[in-house]
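Good morning, and thank you for coming. Please look at the sequence and the structure as I bring them up, and keep both in view while I speak.

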Amino acid sequence: AITTCAGTHRNANIAAWVMPTAMDGGTLAVALYKVDYTIELVRESGLLNVNLLHTGQRGLIRKLGRQSGRTTDKFKRLPHALDERNCPYLTEAIGYAQCRVRASIDAGDHELFICDVLKQVVLNPDTDVMTYRFLLENRLVR
């Protein structure tokens, strides 16, 4: 899940994909769907957090990925906190990577953000990672 902020606005979304682009894990590529509100905030602020979800958070796929933050406060009844940049992160996630956008590139119906990882925080290490295979097996994605 991607969380971001710009000024007083904030949003959360499910990323199409996230992958490391450096062997040391210090750089991530984050793909965001162009029509989503999250992408507007990331473009404006250059800030985002990549939240690593666990299998018990499967309900977040619908809550964060299938409704718009333009009209819905996705943080309502969603356990979260703000980092020192005032950017939200999900307190029940396994952890999060605090990122700053270095560059972006058009990638079809997505925009690809190359991000420097500023800090990594482990919150709930004793949970199972929500993998893409888990999403497919549970029919949470196509």
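Predicted model: local features only at pLDDT ≥ 70, side-chain atom pairs only at ≥ 80, totals over all residues.

Which residues of α1 are buried? In this helix, which runs over residues 37-45, they are Tyr 37, Thr 38, Ile 39, Leu 41 and Val 42. Just after α1 comes Gly 46, with a positive phi of about 75 degrees.

We now move to strand β5, where Asn 49 is found. Is Asn 49 buried or exposed? Asn 49 has a relative accessible area of 0%, and because buried means under 20%, this residue counts as buried. Leaving aside residues up to four places away in sequence, Asn 49 touches, among others, Ala 1, Ile 2, Thr 3, Arg 85, Cys 87, Tyr 89, Tyr 96 and Cys 99. Val 35, in turn, is 14 residues from Asn 49 in sequence, and their C-alpha atoms are 19 Å apart in space.

The structure has one aromatic pair. Its members are Tyr 89 and Tyr 96: their ring centres are 4.2 Å apart and their planes meet at 15 degrees, so the pair is stacked. Both Tyr 89 and Tyr 96 are buried.

Next, the cysteines. A disulfide is a covalent bond between the sulfur atoms of two cysteines. How many disulfides does a search of the whole structure find? The search finds zero. Cys 115 is in no disulfide, and the nearest cysteine sulfur, in Cys 99, is 5.1 Å away. For Cys 5, the closest cysteine sulfur is that of Cys 87, at 4.1 Å, which is too far for a bond, because the cut-off is 2.5 Å. Cys 5 is buried, at 6% relative accessible area, and Cys 115 is buried too, at 0%.

Finally, the largest pocket. Its volume is about 1400 Å³, and 47 residues line it. Those nearest its centre are Ala 1, Ile 14, Ala 15, Ala 16 and Trp 17. Which strand gives the most to this lining? That is β9, residues 110-122, with five residues. By type, the lining divides into 29 nonpolar, 13 polar and five charged residues.

Thank you for your attention.

Note on methods. Residues numbered from 1 in each chain as written. Heavy atoms only, no water. 1 Å grid on protein atoms, 1.4 Å probe; cavity = no way out; pocket = protein on both sides within 12 Å on 5 of 7 lines; lining within 4 Å. Points joined across faces, edges and corners; volume = space filled by probe spheres on them. Helix = DSSP H or I, 4+ residues; strand = E, 2+ residues; numbered from the N terminus. Nonpolar A, V, L, I, M, F, W, Y, C, P; charged D, E, K, R; others polar. Buried < 20%, exposed > 50% of the residue type's maximum accessible area, 1.4 Å probe, protein only. Phe/Tyr/Trp six-rings, centres within 6.5 Å; stacked < 30°, edge-to-face > 60°. Contact = heavy atoms within 4.5 Å.
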